[in-house]
Amino acid sequence: MTDVAARAAADVVRRGDVEWRERAGARWRRCRLFNAWVDDVTVDQLVDRLDEGTLFTLNPDHAYHLQRNADFAAAYKRADFVSSDSKYVYWSLGLLGRRIQSKCSGSDVVPAFWRRHGQDPSVRIFLLGAKPGVAEQARRRINGITGRETVVGALGPSFDFVNDPAETASAIEAINACGATVLIVGLGAPKQEVWIDRHRARMPGVRVYMGVGATIDYEAEAVTRAPGWMTRNGLEWVYRMGTEPRRYWRRYARTLEFFWLVLLERFGRYRAPPFPSPTRG
């Protein structure tokens, strides 16, 4: 557990399917969805509090892996913030009587974060993920908007990066050498969350970690986001399937299980997996 997580755990009041967190004078709810907690915050509220700690973004695909992958669940258990990355997470919590304020996806948090801190020299971002060259493209775009080296480093690793100790060591060396204080990781789930959880102790200068999937692609404008009306109505997956079917079809096939889990939860029949999870010791 990080120092941040340890302090947060001391400031938790749990009542059934809802718990209350306090930090730096702010108090907010977390609501249970299956074996995970989701922070009841808006994008702006999250950015206000994200000065230290680890952010993961829960969506139906993450929920699928949380039922099967003990390492992924352990990483989620040690996360300091978990936001709703999906309208389906948002709507499901409402159906279960645990309504949160809004969807709060990584692709909204990241631009809000770097725009908020664009002129703060103490915030130095490293982008890790996407295909080779894409992270560097995102770095140039963000720095062109902020007018300074807000993003101090970028790396698009190989496909097998998380299983290559030498490549991991090289990436960590680059992150530490450039003085990054924020690490944004876009390797896809569950790889990015497990990698952050395993290696964050090796990056003592980094204060904020975010696992945010395809967000680096969006920041580079290498991939176009779905139109706003589709995102607002939970149809972003339709756009993604239409534009990149080979990349997303397995993920959205797995997502079908999410609706079954919601049904089980609604009627009190959901049972958490046997390994430790965020809501289970």
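Predicted model: local features only at pLDDT ≥ 70, side-chain atom pairs only at ≥ 80, totals over all residues.

Student: Okay, pick one. What does arginine 32 pair with?

Tutor: Its salt-bridge partner is glutamate 265, at 2.6 Å from N to O. The two come from distant parts of the chain, 233 residues apart: arginine 32 sits in strand E3 (residues 26-33), and glutamate 265 in helix H13 (residues 245-266).

Student: And are arginine 32 and glutamate 265 buried or exposed?

Tutor: Both arginine 32 and glutamate 265 are buried.

Student: Which residues are linked with them in a network of salt bridges?

Tutor: Asp17 and Arg98 join Arg32 and Glu265 in that network.

Student: Now arginine 198. Which residue does it form a salt bridge with?

Tutor: With aspartate 71; the closest N and O atoms are 3.1 Å apart. Arginine 198 is in helix H9 (residues 191-199) and aspartate 71 is in helix H4 (residues 70-77), so this pair ties together parts 127 residues apart in sequence.

Student: Why is arginine 198 called exposed?

Tutor: Because its relative accessible area is 53%, and exposed means over 50%. Aspartate 71, at 43%, is partly exposed.

Student: What about aspartate 108 and lysine 103, how do their side chains meet?

Tutor: In a salt bridge, at 3.9 Å from N to O. Aspartate 108 is partly exposed, with a relative accessible area of 28%, while lysine 103 is buried at 14%.

Student: Switching to strands. In which sense do E7 and E8 pair, parallel or antiparallel?

Tutor: Parallel, over four bridges, with E7 covering residues 125-129 and E8 covering residues 151-155. As one example, leucine 128 has leucine 155 in E8 as its bridge partner.

Student: How does the chain cross from E7 to E8?

Tutor: Through helix H7 (residues 134-146), in a right-handed β-α-β crossover.

Student: Last topic, helix H5. Which residues there are buried?

Tutor: H5 spans residues 87-95, and the buried ones include Lys87, Val89, Tyr90 and Leu93.

Student: What caps the N-terminal end of H5?

Tutor: Serine 86 does: one of its side-chain oxygens lies 2.9 Å from the backbone nitrogen of tyrosine 88.

How values were computed:
Residues numbered from 1 in each chain as written. Heavy atoms only, no water. Salt bridge = Lys/Arg side-chain N within 4 Å of Asp/Glu carboxyl O. Buried < 20%, exposed > 50% of the residue type's maximum accessible area, 1.4 Å probe, protein only. Pairing = 2+ DSSP bridges. Right-handed = clockwise from strand over helix to strand, strands pointing away. Polar contact = N/O pair within 3.5 Å; in protein donor to acceptor, adjacent residues only side chain to side chain.
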